[in-house]
Each structure stands twice: as structure tokens, then as C-alpha cells.
Amino acid sequence: MTLYGVGLGPGEADLVTVRGKEVLEECDVVYSPGRLSRSVALEHVDESKIGDLDFPMTKDEEKLRAAWKEAAAEVAPKAREGDVAFVTLGDPNVYSTFGHLRRTIDAFHPDVELEIVPGVSAVTAFATAMGVEIEAGAGLSLREAANGASPTGPDRMILFKVTDAPATHEGLVAAGYEVTYGRRLFMEQGETLVTDDPTEIDERDYYTLAYAEKADLEIEQATAAFLDDGEGSTAASDESDANDDESSGGEPVADGGTVVSEEIAEGCAHGDCGGH
Ligand SMILES: C[S@@+](CC[C@H](N)C(=O)[O-])C[C@H]1O[C@@H](n2cnc3c(N)ncnc32)[C@H](O)[C@@H]1O
């Protein structure tokens, strides 16, 4: 008898994983923290299975603790009798409400078995939705940018909770970033929008993220040369370069430093990173 934390993915019902769907179908009760996650869950289970939990809209920590204790007290007995699920959008372990439930269950109901089913997070879905490639070897940082905040520093950032895009944009551009915004990516509810114009999304919508990249980044990927040179000349120079690669000390990483050749040889040669 288990409490499953199930990641539902960004919002479209068919981006729930096969395992997530199976778990939802097998569970006796499915709890959700909000309207959107509930509507995705309803694509896979009957409404009669949806459990009731109340979450106050507050930042008051006392009230939040009381609400999560109450939620855990509702969920725990059900998870002792049978299998239950608590769903979240994206992945349950990435900026997610599931962490509150897990900590509260661990503290007050430690006998309850817990299992997590990962979901497609906005952290990865954004790249496809926005047509961005995070090249092998590149650094990527996650930040929150609520209420017009403009965190800066890393070469590339995904910013969550972009609730005031024009204000966030101003700070990022002043710090030398190029920024693309994505709203309601892979979501059935509401209109999906990808734009680099913050005035197009000046209305507050919680399901908005941004990808910010330093404007002066120089990215050197081996296959990028196909776009710059003629294919023939690239192939010819590839052949003559092949031996040099073996003796090179490593390849540069845009966030600074190098990937040492041992890492490439041992960690990546047989993995799915394509050897960089
Ligand atoms: C509390 S975090 C939840 C992240 C989620 N657990 C995940 O793994 O994707 C909520 C923030 O994620 C971003 N987000 C989540 N899903 C999104 C989507 N489908 N489209 C755009 N932004 C999304 C938004 O920035 C939103 O404010």
C-alpha cells in the first residue's frame, strides 16, 4: 500500500508517462493540489476517484503547515488501506508542492510507503516548445523570477514564475541577456505562446517561464561547422583533425573551464550524448 507522487508533465494529457498513467489507473484515490493538475488527471481516471484536499492561498507559514498536516492526515490512512496518488504538474521533485506533502508524511506518518513517478518537467519541455538547444557541455541554471525579479549571473537560465515579464525583461536585457518567454507550453488549458516580446505577455499568468542566454555566448559545436562551411571542406578538415582530437586536453564549456578528455572517454563515449 503506497502513496505515489505522480508527475503529470506540462499539461497535455498524452505527455503523462506510461508508468504515471498505469499508477493513476490502479490507485483508489487521486489527490491534486490545483485545478490544472486535476483536469489532466481527469483525462486518465474517473471523477469518482478524485480526492478532496483544501489548500489555502496564503504565504503564512503557520497556516501552510496546518494545511499540509491536515492534508497528510487525510491521505495517510487511505495510503495504509490501499494505493493513492498525489499528482503534480511537471515533475514531483522540481519546484513542486509534492515536497510539502512528502516532508509532512515523513514527519507525522513515517510508516506510509512513498514512491515517486517522475514526470516531464517544464525544465526539459521548454527546450522543445521554444526551439532551444542546450548543447552538450553547456551549463544551465534554474531560477525563480516572480514579481518582476531579474536574476543574473549564469550564461543560460530557465526562469520560473515569470509573473511580470516586462519588468523581468528590463533587468535581464540590461545585464546582457537575450530572452525568450513561453506561456502554457504543452498545455491544453489556455493559449500556448512563445515570444521574445514581453509586452505580448504583460498580463500575469503563473504558467509562464523564460529562457535567458547571454547575448555574447560563443558556442562551438563540432557539427555547427556544417552550417558555416561547405559540407565538402568540413568533411575534409574533419579527416585531418581526427588525430588532433585524441591529443587535445578537453573541450571548452561555455560557463567556463573545460570538459577533460577522461570524462569524454569514460562518461560519454558509450552514452547517448553522442560523444559531444
Ligand atoms: C511551481 S513550478 C512547478 C514546476 C513543475 N513541477 C515542473 O517540473 O515543471 C511552476 C512554474 O513552472 C513553470 N511551468 C510549469 N509548467 C509550465 C508550462 N506548461 N508552461 C510554461 N511554464 C510552466 C512556470 O514558470 C510556473 O510558474
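This is a predicted model: local features need pLDDT of at least 70, side-chain atom pairs count only at pLDDT 80 or more; totals for chains, interfaces and linings use all residues.

Colleague: How many residues surround the ligand, and which class gives 14 of the shell?

Modeller: The closest residues to the ligand are Pro10, Gly90, Val94, Ser121 and Ala122. Two or more residues of the shell come from each of helix 5 (122-130), strand 7 (177-183) and strand 9 (208-214). By class, seven residues of the shell are polar and four are charged. The ligand is surrounded by 25 residues, and the class with 14 is nonpolar.

Colleague: Where on helix 1 do its buried residues lie?

Modeller: The buried residues of helix 1 (18-26) are Gly20, Val23 and Leu24. They cover an arc of only 100° around the axis, and therefore they lie on the same side of helix 1.

Colleague: Which residues are exposed on the other side of helix 1?

Modeller: The buried residues of helix 1 pack against strand 1 (2-7), strand 2 (29-31), helix 2 (35-41), strand 3 (84-88) and strand 4. On the other side of helix 1, the exposed residues are Val18 and Glu26.

Colleague: Why does His109 count as partly exposed?

Modeller: His109 is placed in the loop between helix 4 (98-108) and strand 4 (113-117). Leaving aside neighbours within four places in sequence, His109 is in contact with Ala72 and Ala76. His109 counts as partly exposed because its C-beta neighbours inside 10 Å number 17.

Notes: Residues are numbered from 1 along each chain as its sequence is written. A residue is near a molecule or strand if its C-beta atom, placed from the backbone, lies within 6 Å of it. Helices (H or I, at least four residues) and strands (E, at least two) are DSSP runs, numbered from the N terminus. Ala, Val, Leu, Ile, Met, Phe, Trp, Tyr, Cys and Pro count as nonpolar, Asp, Glu, Lys and Arg as charged, and the others, Gly among them, as polar. A residue is buried if 20 or more other C-beta atoms lie within 10 Å of its own, exposed if 12 or fewer, and partly exposed in between; C-beta atoms are placed from the backbone. Two residues are in contact if their C-beta atoms, placed from the backbone, lie within 7 Å. The arc is that of the directions from the helix axis to the C-beta atoms.
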